[in-house]
Amino acid sequence: MFNLLREKFMKAAEKIKEKIYKKGEAEEVKKEEKVETKEEKKIEEKKEVKEEKSKGMSFFDRFKITRTIKRVIKKEVVIVEEDIEDILEELELELLEADVALEVVEKMIDSIKKELVGKKISPDDNVEEIVYNAVKNSILNILSREKIDLEEIIQKNRKEGKPTVIVFVGINGTGKTTSIAKLAYKLKNKGYSVVLAAGDTFRAGAIEQLEEHAKRIGVKVIKQKPGADAAAVIYDAIQHAKAKKIDVVLADTAGRQATNINLMDEIKKVVRVTKPDLVIFVADALTGNDAIFQAEEFNKAVGIDGVILTKVDADAKGGAAISIGYAIGKPILYLGVGQRYEDLIEFSPDFIIKKIFGEEDIKFSTEREF
Ligand SMILES: Nc1nc2c(ncn2[C@@H]2O[C@H](COP(=O)(O)OP(=O)(O)OP(=O)(O)O)[C@@H](O)[C@H]2O)c(=O)[nH]1
């Protein structure tokens, strides 16, 4: 996941570092570091017996000395635009190739420049940290936006005695039905009651697919015949939820291209009639820039509140993941990361940063439950 982005950002960071090292006439120095041994840690924990235990221990028993070779600049460096211009231009092109949206690329490059140009780096500074932080911050700036706290919304509505209605929209095959099932599973496990609305009355087999998921998760589906009015089906589900005091209605809708005027009119009607608390756009990460274009079009047509980005487990590029929220100015709520009910994780900028910079090896399951 995100291998391409990782490669490009790392390469740029390495090149910037090299430039700084060269300018600062870096040399390799041996650095000695004292590393506490396990024994010393134990002693620290049991302070009362410290004296006793450490008596018979030599200094080298307690501390290990490790010698590492470090590159350190000899003289102060001030980064000027020309130092990093070429590197950032190359990064700009590479990010576009990785499906990062143009406005997002521009903002990131700008952020790196702002953080680095004019910066004084002295021999005591950690060059590596300064460069990596500048790159990481450029991504964090893009990803950080106000979060939607779904549980807070559900609990507020519950207090007012009404269900929380979420309508899922998007183009065909992006993973709407699957994401509804995963979210129903998650909410049910958290103790909320859930009903599904089979609002995809258009695609053959869509109602059965939703029913199959519902059976396995243990929630009810409100449905009508194929071809029925989607708004009416979802309306029925809301009435059912009100009558039975069910916390959440998750409504499926047919997949549609934003260019299909008839189907876009239908989804507008769904939103007008059912007045959902949230309209969630389900986007397939693998479709890159098209996902962003479609999200923008759906947002114009019906107003999207947030995004679920699916198939992130198979996304080698990562461009859509870092662009889509910024492009439409709406948060990503969840990431779909596989084909099991539990494979829906809450989105966080930190998670993406860890993925790109490989600080944590987050592995996804390739098991299939559906
Ligand atoms: N690897 C992976 N596959 C996923 C994920 N989410 C969905 N899928 C797969 O994507 C395919 C399409 O998912 P659906 O949920 O049927 O898509 P849909 O948007 O409801 O489709 P339409 O009703 O045609 O619009 C299925 O094979 C899912 O198993 C994910 O996060 N990771």
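Predicted model: local features only at pLDDT ≥ 70, side-chain atom pairs only at ≥ 80, totals over all residues.
Helix H5 (residues 81-97) packs against helix H6 (residues 102-116) at an angle of about 160°, and the two axes are 10 Å apart. Because angles over 145 degrees count as roughly antiparallel, H5 and H6 are assigned to that class. The crossing of H5 past H6 is right-handed. On the H5 side, the contact comprises Glu-81, Ile-84, Leu-88, Leu-91, Glu-92, Leu-95 and Leu-96. These residues meet Leu-102, Val-105, Met-108, Ile-109, Ile-112, Lys-113 and Leu-116 of H6. By class, 11 residues of this contact are nonpolar and 3 are charged, with no polar residues.

A second pair is formed by helix H9 (residues 176-189) and helix H10 (residues 206-217), whose axes come within 10 Å and cross at roughly 20°. H9 is therefore roughly parallel to H10. The H9–H10 crossing is right-handed. H9 contributes Thr-177, Thr-178, Ile-180, Ala-181, Ala-184, Tyr-185 and Lys-188 to the contact, and H10 contributes Gln-209, Leu-210, His-213 and Ile-217. The contact of H9 with H10 contains 6 nonpolar, 4 polar and 1 charged residues.

The ligand is surrounded by 21 residues, the closest being Lys-176, Thr-177, Thr-178, Arg-203 and Gln-339. Thr-177 and Thr-178 also take part in the contact between H9 and H10. For Gln-339, the distance from a polar side-chain atom to a ligand oxygen is 2.6 Å.

Key. Residues numbered from 1 in each chain as written. Heavy atoms only, no water. Axes fitted to C-alpha atoms, helices over the stretch in contact; angles between N-to-C directions. Helix = DSSP H or I, 4+ residues; strand = E, 2+ residues; numbered from the N terminus. Parallel < 35°, antiparallel > 145°, perpendicular 65-115°, else oblique. Left-handed = near helix turned anticlockwise from the far one by under 90°. Contact = heavy atoms within 4.5 Å. Nonpolar A, V, L, I, M, F, W, Y, C, P; charged D, E, K, R; others polar. Near = heavy atom within 4 Å. Polar contact = N/O pair within 3.5 Å; in protein donor to acceptor, adjacent residues only side chain to side chain.
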